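Please look over the sequence and the model before reading on.

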Amino acid sequence: GIQEPAERILAHIQALAERLVASGTTVALSSILPLREPDNWNRFQYQDKIVAINAELAAYAAAHGHPFLDYHAAVRDETGQLAADFARPDGTHVTFAAYRRMAEVVRPHLL
């Protein structure tokens, strides 16, 4: 979960990506979504950590030739939070409108 050290989260994602590539699978990495305050699980405290992990994921994707799907940028508002239109009342889960917006991000990468 997001409460794990950032290095551990990144290591797990990178190891999985490398395994998939080794098996012949095409890999695309995506960002972790922003949160909206208040959230039901007190995860908003990790907002800056999410931004930092996303930057590392984007750099890793670029260095390894993987597409990076920046859902975070697509659904955040001007304050960096999950936009109100895309947030369920719990501050963590997203609405159907958010999924539609994220589909716009992934669409150019579909075969």
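The structure is a predicted model.

**The helix pair**

Two packed helices are described by the angle between their axes and the distance between the axes. Here the pair is helix H1, residues 6-22, and helix H2, residues 47-64. Their axes lie 11 Å apart, and the packing angle is about 30°. H1 is therefore roughly parallel to H2, since angles under 35 degrees count as roughly parallel. The crossing of H1 past H2 is right-handed.

Which residues of H1 and H2 meet? From H1 come Ala6, Ile9, Leu10, Ile13, Gln14, Ala17 and Glu18. On the side of H2 they meet Lys49, Ile53, Glu56, Leu57 and Tyr60. Sorted by class, the contact of H1 with H2 holds 8 nonpolar residues, 1 polar residue and 3 charged residues.

**Salt bridges**

Side chains of opposite charge can pair when their charged atoms come close.

| Side chain | Side chain | Distance, N to O |
|---|---|---|
| Glu4 | Arg8 | 3.6 Å |
| Asp77 | Arg36 | 3.2 Å |
| Arg101 | Glu104 | 2.8 Å |

In the salt bridge of Glu4 with Arg8, Glu4 is partly exposed at a relative accessible area of 27%. Arg8 is also partly exposed, with a relative accessible area of 46%.

The side chains of Asp77 and Arg36 form another salt bridge. Asp77 lies in the loop between helix H3 (71-75) and helix H4 (96-106), while Arg36 lies in the loop between strand E1 (29-30) and H2, so this pair ties together parts that are 41 residues apart in sequence. Is Asp77 buried or exposed? Asp77 has a relative accessible area of 17% and is buried, because buried means under 20%. Arg36, with a relative accessible area of 24%, is partly exposed.

Arg101 and Glu104 also meet in a salt bridge. These two residues are 3 residues apart in helix H4, so about one helical turn separates them. Relative accessibility is 29% for Arg101, which counts as partly exposed. For Glu104 the value is 45%, and Glu104 too counts as partly exposed.

**Two residues in loops**

Where does Thr92 lie? Thr92 is placed in the loop between H3 and H4. Its relative accessible area is 15%, so Thr92 is buried. Leaving aside residues up to four places away in sequence, Thr92 touches Leu35, Asp39, Trp41, Arg43 and Leu82.

Pro34 is found in the loop between E1 and H2. At a relative accessibility of 1%, Pro34 counts as buried. Which residues does Pro34 touch, not counting residues up to four places away in sequence? The residues touched by Pro34 on that basis are Gln47, His72, Val75, Arg76, Gly80, Gln81 and Leu82. The C-alpha atom of Pro34 is separated by 7.2 Å from that of Ile50, and these two residues are 16 residues apart along the chain.

Leu82 is on the list of residues touched by Thr92, and Leu82 is also on the list for Pro34.

Technical notes. Residues numbered from 1 in each chain as written. Predicted model: local features only at pLDDT ≥ 70, side-chain atom pairs only at ≥ 80, totals over all residues. Heavy atoms only, no water. Axes fitted to C-alpha atoms, helices over the stretch in contact; angles between N-to-C directions. Helix = DSSP H or I, 4+ residues; strand = E, 2+ residues; numbered from the N terminus. Parallel < 35°, antiparallel > 145°, perpendicular 65-115°, else oblique. Left-handed = near helix turned anticlockwise from the far one by under 90°. Contact = heavy atoms within 4.5 Å. Nonpolar A, V, L, I, M, F, W, Y, C, P; charged D, E, K, R; others polar. Salt bridge = Lys/Arg side-chain N within 4 Å of Asp/Glu carboxyl O. Buried < 20%, exposed > 50% of the residue type's maximum accessible area, 1.4 Å probe, protein only.
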